[in-house]
Amino acid sequence: MPRKHIDISVPDLSGTRAVVTGASDGMGLGIAARLAAAGAEVIMPVRNREKGERAIASITQANRGADVSLRDLDLASLASVAALGETLRSEGAPIHLLVNNAGVMTPPDRQTTADGFELQFGSNHLGHFALVGHLLPLLKAGRARVTSQISIAANQGAINWDDLNWERSYDGMKAYSQSKIALGLFGLELDRRSAANGWGITSNLSHPGVAPTNLLAARPELGRGEDATGRKLISALSARGILLGTVETAKLPALMAATDPAAKPGALYGPRGLGHLGGAPAEQKLYSRLRSAGEARRIWEVSERLTKTTIAAA
């Protein structure tokens, strides 16, 4: 039986400047393409320029008038994050949408960022934390909506407060869950602090469910020479329309969270199907790991210290 087509409408975004991390392929590319098709100017910060150019070509081929451009960014390097912040601040244009989408998942062996942090915690969370810090004046100027892409993995595991960088023992999946819990707590704390301090920024969360995206694809640079076994199963179930989503539906919760006028600050959006694994996007209950304001304040303060980035009203 053919799978039912699932989509959402994206409002007119003319005059909007959007920044989407991880937009050179997969979900991020899909998100960037839809924002551009709706009239937004889309900035795509990428680590691999060649890959980024191919992504832009695919967007402009489908939407000839699309306003998309690349900037350089490696979220695993705080110097690179700071450089992007300096570049965009020098351009002076307010940012109206920021989608913290980029991520790495479960390298088989522990790896570290340029600054010595465990790769997933450093890239998925600390890199995005620092990025918001460096872009804060532009986000305030644009009264931006910030959407941070977490994962159903944030509904399991915990923050390993005694060993944030997994130096004593490494479990790739537990470290991945930690990185997404941290990013989620940060996104919610950003919304609270903005409301308390009058920054004009709203912040919410999304997750894609489970779909055959590139997160578990072969990544030689992560020590994964072929697709993870789990990805093959996910692809098979997705192709048959069993429980899971597709690459096309996986991007929809983030699009809803980022662009729907009715999307709520401090809320989580994900697929509404069984187990929130697939289906049309909708608001869903916050994961238990994300409900503690005390933990959110703690991860904010730790992240400021680790990244040497203070996020405060200027």
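Trainee: Buried means under 20% relative accessible area, exposed over 50% and partly exposed in between (1.4 Å probe, protein chains only). Is Phe129 buried or exposed?

Mentor: This is a predicted model, in which local features need pLDDT of at least 70 and side-chain atom pairs count only at pLDDT 80 or more, while totals for chains, interfaces and linings use all residues. Residues are numbered from 1 along each chain as its sequence is written, and side-chain values use heavy atoms, without hydrogens and water. Since the relative accessible area of Phe129 is 0%, the residue counts as buried.

Trainee: At what angle do the ring planes of Phe129 and Phe186 lie?

Mentor: Rings of Phe, Tyr and Trp (its six-membered ring) pair if their centres lie within 6.5 Å; planes under 30 degrees apart count as stacked, over 60 as edge-to-face and the rest as tilted. The whole structure holds three aromatic pairs. In the tilted pair of Phe129 and Phe186, the centres are 4.9 Å apart and the angle between the planes is 55°.

Trainee: How many residues apart in sequence are the parts that this pair ties together?

Mentor: Helices are DSSP runs of H or I with at least four residues, numbered from the N terminus. Phe129 belongs to helix 4 (residues 119-141) and Phe186 to helix 5 (residues 172-197), so the separation is 57 residues.

Trainee: Which residues form one aromatic cluster?

Mentor: Phe186 is buried, at 1% relative accessibility. The rings of Phe186 and Trp300 have centres 5.5 Å apart and planes at 50°, so this pair is tilted. Trp300 is buried as well, at 0%. The cluster consists of Phe129, Phe186 and Trp300.

Terms used:
Helix = DSSP H or I, 4+ residues; strand = E, 2+ residues; numbered from the N terminus.
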